[in-house]
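Welcome to this short tour of a protein model. Have a look at the chains first, and then we will walk through them together.

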Amino acid sequence: MTNSKKTLIRIVDLHKSYYDGEAELPVLQGLNLEVNASELLAVIGASGVGKSTLLHIIGTLDRPSAGSVLYNDQDIFNLPDTELARFRNQEIGFVFQFHHLLPEFTALENVAMAALITATSDKTVYKEAEALLDYVGLAERGAHYPSQLSGGERQRVAIARALINKPKVVLADEPTGNLDRRSSEAILKLLWDLNAKSGQTFVIVTHNQEIAQQVDRVVELVDGKVVL
Amino acid sequence: MPIFKNMKFEWFVASRYLRSRRKQSFISIISIISIGGVALGVATVILVIAVLDGVEQGLKERFLSNEAHVVLRLLDHSFFGNYQNRIQQIEALDDVVAASPVILAQTGVFREHTGTIQDVIIIKGIDPAQENKVTGFSALVQGSTDLLNSELIERARFIRDETITGGIILGSRLAGRFGIIEGDVLRLLVKLQQHPIDASLLIPDLANFVVIGFYESEIEAYDNNFGFIHIDAAQKLYNKKNLVNSIFVRLTNAELAARTARKIEDTINFSVLEGIPDARTWMEVHAPLFSALRLEKIATVIIETLIILVASFNIASTLIMTVMEKTKDVGTLRTLGSSRGNIMRIFMIQGSVIGILGIMLGTSLGLIICWLLSWNAVRPSYWYALVLIVPVFLQILIASQRAIRNKGGWKFAVGVLWLIGGGFALYCAVRPVSFVDLGLSQIYQMHLMPIKVNWVFVIFINALSLAICWLATLYPAWQAANLKPVEALQHE
């Protein structure tokens with residue numbers, strides 16, 4: 001399935017180090033990875049190996065120390081900050097281990113948020129947000145605030161939020177890491193279903209073996225590099 | 001341009017952050033405190049400046065209803081002739097309404113029953129008709145202004161066995177001091193004459209004047225020192241036929257005095273023998289007072305600006321707190337594709353809204369207090385105060401009960417604000433602030449709090465406060481915009 005797809009993201013010789021005073025702490029050391037369009041890719045590895053850092057860099061939330069990330073052969077870190085934000089807004093959806101919903105806003109508003117940044121018509125956005133909430137099975141909870149939702153519900157809202165701008169890539173960082181078994185299964189089912197339906201590319205960082213067994217391809221990170 | 005960019009999204013987020021965590025309340029307590037700070041600063045500056053402007057205007061009105069706008073004299077105050085021509089020349093100038101000939105001199109008052117000269121008064125010899133055009137003099141006189149042929153003068157001449165030179169209008173306080181009533185005769189020591197036999201002796205030359213009216217200008221300097229006689233009588237008295245020593249000039253606009261004074265000095269020719277002309281404006285005469293007032297106003301504006309500055313620090317710290325509290329949210333918003341600009345604008349809007357609300361509240365508060373103070377001029381009864389205090393008291397009661405029941409702190413704060421505002425209104429109502437309290441009444445006899453709202457200044461202080469508040473939002477907003485998304489997300 002993967003072989004026929006064209007490459008969407010190409011990561012070339014990626015380095016990322018953190019600095020603690022003078023001491024350099026290298027995390028990613030010359031990482032190379034290609035992600036195909038519509039692929040369901042899992043990144044596994046021991047904790048602290050740089051899975052999340054990789055995900056943040058793919059998601060343009062962080063800049064690499066060296067190396068490049070190419071989306072359709074375009075190096076996104078050459079973009080100015082405003083356009084990078086726009087790119088993130090349009091092309092990338094995030095799902096985190098912790099839902100990161102905005103507590104002051106209702107579920108519906110949280111889902112709509114990313115689209116509202118650039119929207120010209122709020123009405124259309126809210127309609128779409130409602131459809132997405134319906135899709136994740138929370139049609140009735142749109143007016144509720146995050147504090148009024150259960151953990152699984154919050155995570156489903158977070159998934160709906162990631163999808164509002166129909167991004168090409170959905171990046172998930174331990175999406176079920178904080179949930180009980182039943183909620184986890186529901187979330188995963190949702191993700192697989194989404195991937196099958198929309199053809200969006202999913203990169204999931206996890207150390208959950210169950211997830212790793214259900215995806216198209218698994219890569220493992222060891223010492224800041226990809227091993228197959 | 002970021003300013004013209006559609007900021008719907010930023011408004012959406014910022015307005016939500018202004019609210020408190022409890023969904024039912026409109027605005028958070030910390031926002032209310034910041035708004036209150038700005039409001040107090042703006043309100044006091046508007047109020048204080050309105051009072052200072054009121055004092056200045058009150059003084060100006062009093063001066064201008066008594067005084068000429070320009071007084072032309074010679075530098076040494078000596079007499080000069082040809083004054084009718086000179087008056088015509090002055091009246092021909094632009095902006096001049098009228099000019100009148102005046103003799104100003106000081107003279108002693110001889111008190112018969114003590115046989116002494118205890119007081120020196122200023123004699124102003126005037127042509128009443130001309131003088132009226134220049135100073136509106138007759139409006140301030142109680143009694144007759146016919147200084148030559150009043151009935152009282154005729155009667156005195158008939159009754160008394162002595163020469164009556166003419167009538168005199170006395171300053172009201174002066175008359176009160178002397179215990180003089182209408183029709184009484186005042187003996188003025190005009191000059192000293194050489195004794196016909198012994199040249200080393202000087203004998204006083206007295207002239208008798210009948211008091212025909214009283215002058216009340218509400219300026220102590222006039223009411224306590226001036227006596228008005230006819231210019232003909234004055235010329236006779238001082239032996240200065242066809243001479244005067246001053247020309248009083250009225251202008252279409254008192255503010256033009258300085259310019260016109262210079263023009264008068266240039267236009268009216270005086271020979272070298274006569275002396276150097278010196279045209280003084282009413283502003284120059286009262287320069288020390290007005291410059292003191294101006295200084296006070298400048299100092300007030302500076303101090304009040306500092307207060308607003310302090311209030312703006314309040315806004316800044318509120319925003320910094322909000323940014324700290326919302327760091328994680330900022331991270332999330334960045335994840336969702338908000339640019340730095342988006343984030344910056346969210347917090348700038350939040351701060352600006354606080355500033356604008358504070359400025360609006362402060363402006364209304366200041367104007368309401370101004371209005372209350374000027375309304376106070378009619379000295380309302382205690383009943384009026386009661387009408388005010390009852391709803392205020394009820395409001396406090398309701399607010400405090402609700403605050404206790406709901407633990408709604410902001411309602412308690414509103415109650416406290418009501419208490420302060422109501423208390424102040426009450427204070428104004430039952431205890432009129434008068435010039436007696438301010439110590440000005442002795443000299444200028446302003447019995448009421450003078451209030452003059454200068455709208456240009458109100459707009460200026462609004463704009464200034466807005467600018468200060470806006471500047472105060474810059475740093476926190478910049479700080480929020482430059483949070484690193486990943487670090488912000490992991491912030492606990």
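A residue is called buried if 20 or more other C-beta atoms lie within 10 Å of its own, exposed if 12 or fewer, and partly exposed in between, with C-beta atoms placed from the backbone. By that rule, buried residues make up 44% of the 228 residues in chain A. Please keep in mind that this is a predicted model: local features need pLDDT of at least 70, side-chain atom pairs count only at pLDDT 80 or more, and totals for chains, interfaces and linings use all residues. Residues are numbered from 1 along each chain as its sequence is written, while chains are lettered from A and ligands numbered from 1 in the order in which they are written.

**Chain A as a whole**

Helices (H or I, at least four residues) and strands (E, at least two) are DSSP runs, numbered from the N terminus. Chain A has seven helices and ten strands. Its C-alpha trace spans about 50 × 45 × 40 Å along the principal axes. The radius of gyration is taken over C-alpha atoms, and the globule rule is 2.2 Å times the number of residues to the power 0.38. For 228 residues a compact globule would have a value near 17 Å, and chain A agrees because its radius of gyration is 17 Å.

**A sheet in chain A**

Strands of a sheet pair through backbone hydrogen bonds, either parallel or antiparallel. Here two strands count as paired if DSSP finds at least two bridges between them. In chain A, four strands form an open sheet in the order E2-E1-E4-E5, with antiparallel pairing. The edge strands, each pairing on one side only, are E2 (23–36) and E5 (74–75) of chain A. Strand E1 (residues 7–20) of chain A joins E2(A) over eleven antiparallel bridges, and five bridges link E1(A) to strand E4 (residues 66–71) of chain A. Some facing residues are listed below.

| Residue | Bridge partner | Strand of the partner |
|---|---|---|
| A:Tyr18 | A:Leu25 | E2(A) |
| A:His15 | A:Ala66 | E4(A) |

The hairpin of E1(A) and E2(A) has two residues between the strands, and A:Gly21 takes a positive phi near 65° there.

**Where the chains meet**

Two residues are in contact if their C-beta atoms, placed from the backbone, lie within 7 Å. The contact between the chains takes 19 residues from chain A and 17 residues from chain B. On the side of chain A that touches chain B, helix H2 (81–91) and helix H3 (107–116) of chain A each supply at least two residues. H2(A) gives the most, with seven residues.

**Cores and a buried residue**

A nonpolar core is a set of buried Ala, Val, Leu, Ile, Met, Phe, Trp, Tyr and Cys residues joined through C-beta atoms within 7 Å. The largest has 118 residues, and A:Leu41, A:Val111 and A:Val203 have the most contacts inside it. Helix H13 (residues 340–375) of chain B gives the most to this core, with 15 residues. Apart from it lies another core of 59 residues, among them B:Ile90 and B:Ala257.

Is B:Ile231 buried or exposed? B:Ile231 counts as buried because it has 24 C-beta neighbours inside 10 Å. B:Ile231 lies in helix H8 (residues 231–237) of chain B. Not counting residues up to four places away in sequence, B:Ile231 touches B:Pro101, B:Ile103, B:Gly125, B:Ile126 and B:Asp127.
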